[in-house]
Structures are given as structure tokens and as C-alpha cells.
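The following exercises concern a protein model with its sequence and structure on display. Work through each task before reading the solution.

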Amino acid sequence: MANYGFAKPSARPTAGTSGYRLQDEDAAALSGGGFRWESQFERSWEALAEDEEGRLAGAVGRLEQARKRRHRLAAAALLPGGGGRASKLGMMRHLLLCLDCSETMGLADLKPCRLAACLSAMRNFVSGFFDQNPIGQLGVLLTRRKLAERVTELTGNPRRHLDALKDLAQAGSGKTARPEGEASFQNLLEMAYDTLGPLPGHACKEVLVLVSALSTCDPGDIGATISKLAKARIRCSVISLSADIRVLRKLAQATGGTYSVPLDAVHLSDIMSSFLPPPASAPDPALIKMGFPYSAGQDGQEQPGSQQDVIRICACHGTVLSAGATAHACPQCACLYCELPVDCRICGLSLASAAHLARSYQHLFPLKAFAEVTLAASTGCCGCGDRLGASTEAYQCSDCRSHYCIDCDRLLHDSLHSCPVCLQTLSVKTTIAT
Amino acid sequence: MKLNVDGLPVLFPYEYIYPEQYSYMVEFKRSIDAKGHCVLEMPSGTGKTITILSLTVAYLHHSPDHVSKLVYCSRTVPELEKVVEEMKTLFDYYTKNGVTLNLTGMALSSRKNLCINADVLEGNAGDGRSIDSACHQLTASFVRDRRRHAIGRAGADVESAPPGCQYYEEFDAHGRENAAPILHLKAYGRRKGLCPYFFARYSMSTANIIVYSYHYLLDPKISELVSKQLPKSSIVVFDEAHNIDNVCIESMSVTLSRRSLDRAQLGLNSLQNRVREIKQQDAAKLQEEYNRLVNNLREAQSARETDLILANPVLPDQVLREAVPGNIRTAEHFLAFLRRFLEYLKLRLRVVHVVSESPAAFLRDCSERVCLDRKPLRFCHERLRSLLATLEVAESPELGSLFRVANLATLLATYLRGFCFLVEPFDDRAPTVINPIMHLTCMDASIAVRPVFARFQTVLITSGTLSPLEMYPRILDFRPVNMVSFTVTLARQCICPMIVAKGNDQVTITSRYESREDPAVMRNYGSLLLEMARVVPDGLVCFFPSYLYLETIFAAWYEQKIIDQVQKYKLVFIETQDAQETSIALYNYQRACENGRGAILLSVARGKVSEGIDFDHHLGRCVIMFGVPYVYTQSRILKTRLDYLREHFHIRENDFLTFDAMRHAAQCVGRALRGKTDYGIMLFADKRFARADKRTKLPRWIQENLSEAVLNLSVDEAVQISRRFLKQMAQPFTRQDQLGVSLLTLEQLRDIEMQRRYANEAG
């Protein structure tokens with residue numbers, strides 16, 4: 001068996017691994033200055049149980065193992081061979097990430113406070129989203145002081161969202177979000193509707209709302225807004241940090257979204273990551289005209305007749321492109337863009353690079369779910385080479401019958417989307433054929 | 001689902017059954033087999049109605065000679081409608097399974113709910129009493145006679161005849177051969193042009209299942225008219241019966257103020273004029289009545305001997321055996337007699353101190369001062385009714401007051417025990433305003449209900465909150481063959497009862513009389529409300545022991561700016577004594593819960609809200625009981641009743657008060673949970689709830705969830721528990737999770753039944 005010897009993926013949950021953390025003083029400022037003894041009792045000991053020898057280490061390991069398995073099961077259910085998976089996916093995702101920034105966001109039941117935890121979960125979500133949906137677009141809204149505010153426009157550039165979210169979280173950035181006032185979900189949803197409503201039928205329109213408040217302060221009838229959203233087929237999902245709120249559950253039900261209440265930070269990130277793969281329901285099937293822009297950089301093909309010292313202005317931001325920068329020109333109208341994917345401002349053509357489309361393939365031709373088997377004899381994991389003891393759980397590729405440990409299984413399905421042993425056999429075959 | 005309950009095949013119209021429903025059927029069937037009465041408690045929202053209906057329908061179907069009728073009594077119109085709908089589902093299910101039922105059902109309601117005559121409804125919209133009298137003016141037999149004569153004389157000139165009700169006429173002409181539908185009686189009546197009210201009353205004699213309100217059976221004035229035809233082999237079900245003793249007492253009590261005495265005087269005058277008129281025109285009629293009275297009420301007695309009439313508690317047997325006494329046989333004498341009695345009552349009302357005396361003392365005083373004997377007084381009610389029939393006078397509000405006076409006389413003279421005559425010169429709350437009121441209070445709930453227990457073979461008393469069960473047989477004076485309290489099997493712990501005993505500053509919170517005005521207690525109650533408003537989504541319902549306390553504490557909260565803070569999170573609505581105002585508040589409360597603003601309803605235990613309104617799902621995620629809802633103990637009526645209970649039933653005052661407070665507390669908090677998918681927090685905010693004597697009087701299904709750890713919480717601890725509970729409950733919950741635990745299919749039921757049988761055999 002081949003051993004590819006790649007490093008083991010991190011065993012920790014995704015929250016907080018992005019290398020970005022709130023400073024302690026920020027956390028204190030955001031959490032609204034509540035005293036430690038006023039906050040919730042944490043019964044972390046209740047989750048632990050001693051094993052037969054009275055040690056905790058084994059129990060912790062088992063907990064970790066159970067968590068991994070749960071994650072694997074949830075992921076595998078979506079894969080062919082693992083469970084049902086709709087044949088039609090909404091690949092052109094347009095998702096608005098909405099954040100409630102009302103007073104209750106300052107509560108400290110998530111650490112360091114709800115707002116900080118949500119912002120960090122959102123950052124993880126943004127990176128994951130563009131990883132899995134390269135031709136998707138994202139926008140960020142928030143509500144506070146009974147108003148809705150737009151943080152970022154609907155765009156396919158992760159950088160901008162990440163920067164905006166970082167500004168929101170960082171103290172002294174000038175744009176720091178402080179939990180204040182009441183939330184107005186009607187205003188928020190109206191703004192989402194204004195953004196998503198005009199999009200064409202083939203676009204998959206989604207709204208994901210992170211809610212902390214228990215009530216909403218609206219200028220009108222939120223029921224009308226909900227039916228408007230349902231009619232426009234905008235799928236609204238709600239993650240409520242507090243409890244089950246009637247009107248928001250109605251929103252989720254009416255628009256075909258989900259309603260979930262996370263119990264803790266890990267659960268929150270689990271729920272968030274369930275929104276990463278494209279949703280099963282298909283929008284109107286349509287052939288979409290797409291353009292592959294050519295690169296209009298310093299040394300690339302220039303437009304005929306243009307001169308070196310012409311000032312080039314990027315159409316998406318209206319900024320001057322520096323002399324050495326690469327720009328992407330629309331094949332139809334030659335308009336310049338500094339980033340992809342984007343819809344051309346002039347002729348409306350969807351511009352994407354071939355790499356984006358190729359990365360979207362992972363959902364169309366995913367790696368099949370591995371079967372869970374109990375090993376008869378001890379063997380090595382085909383990924384990391386660790387020993388897999390006899391009568392332990394292992395995961396078997398259905399094509400090449402090679403065994404993997406749970407960490408490698410997750411890595412292959414989450415990031416690599418291919419089985420290395422199968423690939424090797426394939427390349428051997430091609431070599432022989434040629 | 002086809003069940004086999006102890007040998008009886010029962011069709012149950014749903015695919016799944018709750019385990020407690022099955023046990024309920026088993027216990028209920030045992031009582032029917034034993035031909036005895038029973039008391040069964042099962043939590044609300046577990047489908048009591050359909051359980052009772054499907055068992056009794058199966059019984060009626062399979063052994064009609066054993067049980068011939070089911071009389072289902074409930075309290076409010078919406079509850080009755082729910083029963084009718086369930087019955088319809090059940091009947092449809094029988095039809096679907098190819099079983100033809102020879103059973104008919106019928107729901108009787110008041111004229112107010114059933115009348116379809118536009119002329120009657122127009123002037124008296126919503127007012128029950130005036131609709132009754134309007135109907136009476138159109139349909140009383142003498143009115144109809146007169147109309148017939150007029151039409152006969154005038155030939156085709158119908159316009160000039162006295163008005164009648166076309167629906168009633170149509171019913172009288174053709175309605176009796178039709179079979180009544182159970183649902184949409186009004187729509188049916190409109191289509192056919194029949195009067196639904198009289199149609200329903202008529203079908204009572206043939207229907208096998210009768211659904212109506214308590215009063216038709218318990219109120220002696222109505223039951224005489226409506227329920228006397230019921231055979232002995234009927235099953236009577238009192239649903240929502242936790243207040244049945246109060247209903248009994250109310251139906252036997254009379255209250256008269258100076259105003260109603262004045263009105264009675266007016267009625268008397270008009271009667272006197274009428275008698276004078278008739279005497280000039282048609283003296284023979286009065287003579288005829290006199291002769292009839294000489295022959296006394298023997299007819300009524302013969303009817304009773306053949307066991308057709310339900311015993312009338314107002315008109316006990318010995319009354320019927322005697323002739324109407326001579327001094328009230330003629331109309332003028334009787335009216336003079338009544339006038340004297342009325343003057344005497346007016347005299348009694350002129351007091352400066354509270355007077356409380358027994359009926360015997362009253363009668364002696366009466367005969368000494370105005371020379372009115374006990375015996376003629378006893379016949380007042382019957383005699384007045386007979387006179388009205390002779391004089392052909394339709395009922396009116398003035399006569400209603402006169403009837404109350406006659407009723408008072410009859411009750412006083414009939415029952416020497418169990419009643420108390422009480423005159424209060426002023427209201428306790430306004431001791432400076434003279435507003436004398438006269439009460440004749442019944443202290444013994446068993447008087448009104450005794451005929452029901454004596455007559456019917458099986459009477460079922462059931463409700464969601466009947467604990468402690470042994471109290472009901474004692475105060476209603478009957479001997480049950482079966483008393484069971486069912487718990488509720490839950491797939492998840494969906495109720496969260498807690499007792500909050502202290503505030504965050506460790507000050508004990510209680511609504512005890514001595515510490516009610518304590519600002520620390522009020523502040524802590526306020527902070528409890530505020531904290532819960534911040535944690536609980538959508539609807540939050542609060543109950544207070546009395547309107548007075550609600551007003552005081554609200555004023556204090558207003559001053560302490562607590563209300564301002566609460567309104568940031570939720571809108572605040574208040575129940576008042578005005579029914580109209582309360583229903584507007586309720587409507588807006590529901591709207592605020594519906595559209596996500598969130599709302600708080602401040603209401604009063606024993607009020608309209610605590611009895612009839614369900615706060616299911618988001619409408620009541622949390623119920624807070626501020627203080628123990630003791631009844632107003634300074635009331636003289638209550639004091640006399642307590643004395644009576646102690647002397648005759650050996651129930652200690654404190655026991656009864658606690659029992660009464662706890663059944664109302666349970667009733668209030670029970671509003672939050674209306675089904676198994678529902679969930680709610682139940683907060684008891686008073687230290688006294690934690691004591692064993694209070695706690696053990698809660699229904700079993702609440703007690704089981706009330707662990708030792710939550711008996712003495714402070715406000716912030718309660719908030720933490722609630723927060724965790726609400727998150728837990730918001731997790732996805734499907735039917736799959738319930739199956740096998742709180743929801744059983746037929747196979748699972750069989751398994752469990754088999755297990756139980758084995759266990760029984762082994763034991």
C-alpha cells in the first residue's frame with residue numbers, strides 16, 4: 001500500500017484556527033462589562049466521565065472521537081453512497097450573511113461574547129464558503145438601533161468580506177461593532193430582498209441570519225415581508241443564539257430554510273459549516289452565458305492600439321490600477337476588472353476563470369463516501385501511514401478498497417476530494433495505455 | 001387504530017396513541033363496568049376528550065343495554081365546540097372502517113349562540129338574557145296561540161297579527177322528523193329554515209351523545225326544563241371539573257342589591273295591573289288556575305315516581321306531595337304575599353352592621369315581624385311560575401329580579417342546613433359608601449350535585465388539575481369507585497417548573513399579607529419579571545393573586561421604572577375586570593407574540609384568562625405565578641363556608657384554603673402546556689410554594705418534574721436554568737423521537753400490554 005505521508009489535519013474544531021483572535025480587552029469591551037460571577041454556570045465536568053481505570057484522558061479522547069464521527073456522518077450523508085443527494089444543486093449561490101448586532105449580542109454565554117464568537121464564526125464561514133463555492137457571491141448585512149446596515153456589497157471577493165469583518169471585530173478600527181439598541185428584522189429582510197430580489201431565476205438566493213435578540217422592532221408587518229421573500233424564492237435560514245422565536249421560525253419555514261439554535265460554540269460552527277456546500281434545491285435550470293476574461297497585465301496581450309502609459313481604471317471599484325497589476329478584461333466589451341468572478345458592469349456577462357469552474361466540480365463529482373468497517377487485522381492507514389489496530393474502526397474506499405483513518409477520511413472528503421490510491425492506479429493505467 | 005381495552009373493541013381515530021390515554025380508557029371502563037362514579041386526572045393536552053369519546057362510543061355501540069346515553073358537560077363554548085369536532089372525527093372514522101353506528105350526537109348551547117332569527121339578534125347582539133326574553137316573546141305558547149287566533153280571524157292578513165318566529169314555526173311544523181347533524185347546526189338550521197335551538201332541544205330525547213354546558217345539569221332552574229328526560233343508565237362526564245364545587249354553589253346562591261329589589265317591585269306592580277285587567281276580562285281563567293292549584297302539583301309527583309324527572313333540588317320531594325297553601329292560591333293573595341316579603345327584604349337591607357344568620361333564624365324573624373310562614377314561602381317559586389303562565393306574560397328583566405326574590409324565598413324555606421343568609425351594608429373595599437347587599441349563599445356544593453350522583457349510574461369527574469383527588473369526593477359528598485391521577489409520558493422534559501424563593505439580594509419573596517407592601521419584595525418581583533422578559537421569547541404570562549395586588553404592584557413597578565425597562569423587551573398587557581377590555585388586550589397580546597415583538601400579559605388567578613384561555617406554543621413560553629393565589633380570606637361568605645366545611649365535612653380551614661389556592665395555581669401554570677410538542681417554563685415565585693403541604697398538592701405531572709434542586713432558587717439561578725432550557729427545547733424534535741416513549745403504535749401498545757400482563761401474572 002502506498003503511503004503518501006501528508007501531515008495530519010488539525011484535530012481541533014475549526015473555530016479559532018484562522019490565526020485571528022480577539023484581544024482580551026476587546027472581548028471585555030464587547031461583552032458589556034458583565035461580572036464573571038453573574039454569567040452562566042459552566043458544567044464542563046458533566047460531559048466528562050471517568051473510564052474503568054478512573055482516568056479522564058481516555059474519556060476525553062472518546063469524546064473527541066465521537067465528535068469527529070458525528071461530523072463525518074453529517075458530511076457523508078450528503079455524498080453519493082452515503083445517503084440521498086439531489087442531482088441538481090444551486091451552484092450560483094448568492095448568499096447574504098446577516099448579523100444581529102443588538103444589545104443582547106453582548107451576552108457572554110458564548111466566549112468571549114456572542115458578538116465576537118459570531119464574527120469569528122462568520123470569518124471562518126466566509127473562507128469556507130469561497131473554498132466550496134468559487135463562483136458564489138456573498139454579502140454582509142447587520143441590524144442594530146432598529147435599522148439595517150450594509151457592511152459589504154454582494155461580491156465574490158472573500159478578501160473584502162474578511163477585511164470588513166475584521167474591522168467590525170477590532171477595537172479602534174473606527175468601524176468597530178458594538179452591541180447596541182434593538183434589532184429590526186423586517187428592515188434587515190427588506191434590505192436583503194432589495195439586494196437579492198432583482199437577481200435572475202437561475203441564481204440560488206439565500207439569506208443566513210445570525211440572531212441574538214428575542215424580539216424585533218419593525219416599522220410594518222413582517223408577515224408581508226416574509227411572504228414577499230417566499231414568493232421571490234429567497235431561502236432564509238436562521239441561527240438563533242437564544243431560543244425559538246416564533247416569527248423567525250415562520251420565516252425559515254415559509255422560505256424553505258432551516259432554523260437552528262446552537263447550544264455552544266462548537267455547535268455553532270457545526271451549524272455554520274452545514275451551510276457551506278451548495279443547497280440541494282435547484283433554481284430554474286438555465287444555460288448561462290459565461291465569459292473567460294483574458295488577462296490584460298503589463299506583459300499580457302494588450303488591447304490592440306492601446307499604449308503603455310494609459311491610465312487603466314478598474315470597473316468594479318473605480319480605482320486606478322497600478323502600472324504592474326494584472327487586470328481581467330471582459331471578452332465581450334473589454335472592460336477591465338481587478339478580481340474574479342464578477343458580473344460585467346457594461347454587458348452583464350458573468351466572468352469567471354476556468355479554475356473557478358473546475359473547483360466547482362467537487363460538488364458535481366464528489367469523492368464517494370467511504371464505508372465504515374471494522375478491521376480484521378491490523379494495517380496501516382493509506383494516508384498518514386499510522387497503524388490501524390485490529391478490530392478498530394477504519395474507513396474504506398469503495399473503489400480501491402484501501403483503508404484510511406478517520407482524520408484522513410475527513411481530509412480527503414473536505415479538502416482533497418479524491419482518493420490518492422485511486423488516482424495512482426488511474427495514472428498507472430494511463431501510462432500503460434500511452 | 002383498533003384497540004382492545006379490557007375485552008372491549010375500541011376504534012381510536014388516530015394512528016398513534018399516548019400511553020396515558022390507554023390507561024385512562026382502562027380505568028374509565030372499570031368504573032363503567034362497576035356502575036360507579038370516578039375521579040380521573042390527566043394533564044391537559046393529552047387528548048382527554050377523544051379518549052372519553054372513543055371509549056364511550058364503543059361502549060354504547062357494543063352494549064347499548066348497559067349504557068344508553070353519554071352526557072358530556074364542559075364549561076365554555078370553545079371547549080364544547082372542540083368536543084363536537086372530535087366526535088365528528090370519531091364518527092367519520094367509524095364510517096371509514098365500515099361500521100354503521102346507530103348513534104346520534106347533539107350539542108346544545110344557549111339561544112345566544114344558536115339563534116338565527118335576524119330580528120332577535122339585531123337589537124340584542126351578544127346579550128344572552130335579552131335574546132332569551134326576545135325569543136320567549138316570539139315563541140311562548142300563549143303568544144303563538146294569540147297569533148294563530150289573529151291569523152284565523154283576519155284571514156290572509158298576516159301582517160297585523162302579533163309577530164312570531166318563522167324558524168320556530170317551521171320547526172314546529174316539519175322539524176321533528178329530521179335527524180340533527182352534530183356539526184354546523186346553525187348553518188343547517190338556516191338552510192332548512194328550522195330553529196336550531198329548539199331543534200337541538202328536541203333531539204335531546206333521541207340523541208345518544210349530548211354535549212352541553214354544566215348549567216343544564218347543575219342549575220336547578222334549567223335542568224328542570226332541559227335534562228329531566230335523561231335515563232338512569234347514562235354516563236355523565238364533567239370535563240374541566242376542577243371548579244365544579246364553585247359552579248354548584250353559584251347555581252344555588254342568590255344575591256340581591258337594593259337596585260334589584262326596586263326592580264322586583266316594578267315587576268310586581270306590572271303583574272298586579274295585569275291581574276286587575278284579566279279579572280275584568282276573563283275571570284274564569286284565574287279560577288281555573290285556582291282549581292288546578294287546589295289539586296296541587298300531583299302531576300309532577302307522578303312523573304317523578306316513574307323515574308322520568310331528574311330530582312329538582314329547589315323543589316324537593318315533600319313539596320310536591322303537598323298542595324299549594326291556601327293563602328297564596330289566588331293571584332291577588334299571592335301578589336300581596338310577595339309584596340309583603342319584598343318589603344320585609346327591604347327592611348332587612350337597612351342595616352349598619354353586617355348581619356349573618358341561618359335560614360331558621362331568618363324564618364323566625366320573618367314570621368314574627370311580617371307574619372309570613374315557612375310553608376307558603378317554600379312554594380313561592382312554583383307559584384310565580386304558574387301565575388306567569390296564567391297571565392300570559394313573557395319574561396322581562398324586571399320579572400327576572402322578581403324571580404330571584406321568589407327563588408330566595410323558596411331556597412330559604414326549603415333548606416335549613418347548608419345555607420347562610422348574609423347582609424352586608426357596604427363593600428369591604430369601600431367601607432364608607434353605603435351599598436347594602438344581601439346574599440343567600442349555599443355553602444354545601446353537594447346540594448346541587450347530589451341528584452346527579454344519585455340518579456346516573458356513572459359520573460366521571462375529570463380535569464387536568466384535580467389534585468389532591470381525595471378532596472373532591474369529600475366536598476361533593478359522593479363515593480367514587482375509582483380515583484386515578486395519570487402522569488404524562490414525555491420524550492423530552494418539556495416542562496420546567498421552578499420555585500423562586502428569593503431575589504438576587506437574598507430577600508425572601510412572598511405575597512404574604514404582612515410583606516405585600518414591602519418595597520424589597522416588590523422590587524424583587526419586578527426584577528424577576530424583567531430578567532425573564534429578557535430571556536423568554538414571544539409570550540410571557542403572569543398571574544397575580546388578586547386584582548388589588550396586581551394594581552398595587554403595577555403602580556410600584558411604574559414608580560421604580562421597572563415597567564419602562566420591561567417595555568424595551570416586550571409590550572405589557574393587563575387583564576381588567578371589564579370583559580371587553582380584556583378581550584381587546586388578549587387580541588393584541590396574541591398579535592404581539594405573532595409578529596415577533598413579544599408581549600407580557602399580567603392577569604389574575606381565578607380571572608377569565610386563567611380559566612378559559614389557552615396559551616399554547618409561542619403564546620405562553622413561560623408562566624410566572626406571583627404569590628400563592630389564596631382566595632380573599634376576609635370575605636364573610638368564605639368564612640361561613642369554611643366554618644360549614646369544618647363542622648360538617650371535617651375539612652380544616654387551612655387545608656381547604658391551600659387546596660383551593662393550589663388548584664388555581666396549577667390551573668394557571670397549566671395554561672402553558674397544551675400538548676406534547678409544546679414546552680414551557682413554570683415559575684412559582686413565592687417561598688411558600690416550596691413547603692411540602694403546598695408542593696404535594698400540585699398535580700402529579702408537575703410534581704414529577706419539580707426536583708429538589710429547583711425548590712429554592714434565586715432570580716438569577718432561575719434565569720440561567722431557563723436560558724439553558726429554552727435552548728435545549730429549540731433543538732429539532734420529530735415524531736420519531738416520541739415514538740415508543742410518549743407515542744405508541746398499535747404494535748408497541750400490544751407489546752406493552754403483554755409486558756404488563758406478564759408482570760401481573762408474575763406478581
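**Exercise 1.** Determine whether A:Val320 is buried or exposed.

*Solution.* The model is a predicted one. Step 1: the relative accessibility of A:Val320 is 57%. Step 2: a residue is called exposed when its relative accessible area is over 50%. Step 3: A:Val320 therefore counts as exposed.

**Exercise 2.** Locate A:Val320 in chain A, and state which residues form a nonpolar surface patch with A:Val320.

*Solution.* Step 1: A:Val320 is found in the loop that runs between β8 (294–295) and β9 (328–329) of chain A. Step 2: the nonpolar patch on the surface is formed by A:Val320 together with A:Ile311 and A:Ile313. Step 3: the accessible area of these three residues together is about 320 Å².

**Exercise 3.** Describe the extent of the contact between chain B and chain A.

*Solution.* Step 1: the size of an interface is often expressed as the accessible area lost when the parts come together. Step 2: for chain B and chain A, the buried area is about 2200 Å², and 47% of it lies on carbon and sulfur atoms. Step 3: chain A contributes 27 residues to the contact and chain B contributes 24 residues.

**Exercise 4.** State how many salt bridges join chain B and chain A, and identify the helix of chain B that gives the most residues to the side touching chain A.

*Solution.* Step 1: there are four salt bridges between the two chains. Step 2: one salt bridge pairs the side chains of A:Arg246 and B:Glu594, at 3.6 Å from N to O. Step 3: in chain B, α25 (519–535), α27 (562–569), α28 (579–594) and α34 (715–729) each supply at least two residues of the side that touches chain A. Step 4: α34(B) gives the most, with seven residues.

Notes:
Residues numbered from 1 in each chain as written. Chains lettered and ligands numbered in written order. Predicted model: local features only at pLDDT ≥ 70, side-chain atom pairs only at ≥ 80, totals over all residues. Heavy atoms only, no water. Patch = residues over 30% accessible without salt bridge, like charges linked within 9 Å, V, L, I, M, F, W, Y side chains within 5 Å. Areas by Shrake-Rupley, 256 points an atom, 1.4 Å probe, with all protein chains shown as cover. Helix = DSSP H or I, 4+ residues; strand = E, 2+ residues; numbered from the N terminus. Buried < 20%, exposed > 50% of the residue type's maximum accessible area, 1.4 Å probe, protein only. Contact = heavy atoms within 4.5 Å. Buried area = accessible area lost by both parts, 1.4 Å probe.
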